[in-house]
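Please look at the sequence and the structure before reading on.

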Amino acid sequence: MKKISIIAILCLFVMSMVAIVSAEEMTTPQHTHNDAVQSAAKTSYRLAIVPYINSTEEKKGYIQEIVDGKYTEHYSNKNFQMIPLEEVQKALNSTGYDVSNQELAEKDILASVAKQTNADYVIAMEISQLITTRHMSFFQAKVVTKAKLRYKFYNAENDKVASFQVTGLSENKTVFGDVGYKDPITKALNQAMDNANEKIKSYL
């Protein structure tokens, strides 16, 4: 009888251990799933974009189109929750900031925008230089455009601003005929904004 009792107790012990291990195996995938969901949630940032400044003399419509694509629409994806422009403008107005002064917003203004809109990041940009020159020779015409952009990137979590500049350069040349300004300006501006977006990505 004693042997039977001992064997029965051992069997019950083994069965209970197997049940515990099985329960842990069943719950592990759920934990992994939850961790993955939390990790994914952290990659979605609330972003406020301050209306850009163009302090150059180039005011052509295609410049606005490039900015729309590379400065605002560029961040309209699953990784970002764009703060509506109306909310950003309202926050800017409350600070007394006036974009017509052609000056990038200071840190305290960007911080105020982040606080009022609950943004993780705030971006401000200025087209500070768009210089286009034409070079003529007997057989060739060439147009060169140099673009320079200034940015401020505010991180609400650590209350810091990163300021940086990016440039773009484009040359258009032809042996016969004329060379327009639109193509080199477009290429130089696109190049500069692509460089800026890569830099911003490194701050996230």
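Which residues of the largest nonpolar core touch the most other members? They are Tyr71, Ile123, Met125, Ile127, Leu149, Tyr151 and Met193, out of 30 residues in that core. A nonpolar core is a set of buried Ala, Val, Leu, Ile, Met, Phe, Trp, Tyr and Cys residues joined through side-chain atoms within 4.5 Å. Buried means under 20% relative accessible area, exposed over 50%, and partly exposed in between, with a 1.4 Å probe and protein chains only.

This is a predicted model, in which local features need pLDDT of at least 70 and side-chain atom pairs count only at pLDDT 80 or more, while totals for chains, interfaces and linings use all residues. Residues are numbered from 1 along each chain as its sequence is written, and side-chain values use heavy atoms, with hydrogens and water left out.

**Overall layout**

The protein has five helices and six strands, in the order α-β-β-α-β-α-α-β-β-β-α along the sequence. Helices (H or I, at least four residues) and strands (E, at least two) are DSSP runs, numbered from the N terminus. Of the 204 residues, 33% count as buried. Among contacts (heavy atoms within 4.5 Å) with a separation of 6 or more, 69% are between residues 24 or more positions apart.

The largest share, seven residues, is supplied by α5. A second, separate core has 18 residues, including Ile53, Ala105, Ile109 and Tyr154. In soluble globular proteins, nonpolar side chains tend to be buried together.

| Helix | Buried residues | Exposed residues |
|---|---|---|
| α3 (residues 85-95) | Val88, Ala91, Leu92 | Glu86, Lys90 |
| α4 (residues 107-117) | Ile109, Leu110, Val113, Ala114, Thr117 | Asp108, Lys115 |

In helix α3, the buried residues are Val88, Ala91 and Leu92. Seen down the axis of α3, they fall within an arc of 100°, so they line one face of the helix. The arc is that of the directions from the helix axis to the C-beta atoms. These buried residues pack against β1 and α4. After α3 comes Gly96, with a positive phi near 85°.

Helix α4 buries Ile109, Leu110, Val113, Ala114 and Thr117. Down the axis of α4, its buried residues lie within an arc of 140°, so they too line one face. Just after α4, Asn118 has a positive phi of about 60°.

**The largest pocket**

A pocket is an open set of points on a 1 Å grid over the protein atoms alone, where a 1.4 Å probe fits, with protein on both sides within 12 Å along at least five of seven lines; lining residues have an atom within 4 Å of a point. The largest pocket has a volume of about 170 Å³, a volume being the space filled by probe spheres set on the points. Its lining has 13 residues, with Ile49, Val50, Pro51, Thr72 and Leu85 nearest the centre. Helix α2 gives the largest share of the lining, five residues.

Thr72 lies in α2 and is partly exposed, with a relative accessible area of 27%. The C-alpha atoms of Thr72 and Val50 are 9.5 Å apart, although 22 residues separate them along the chain.
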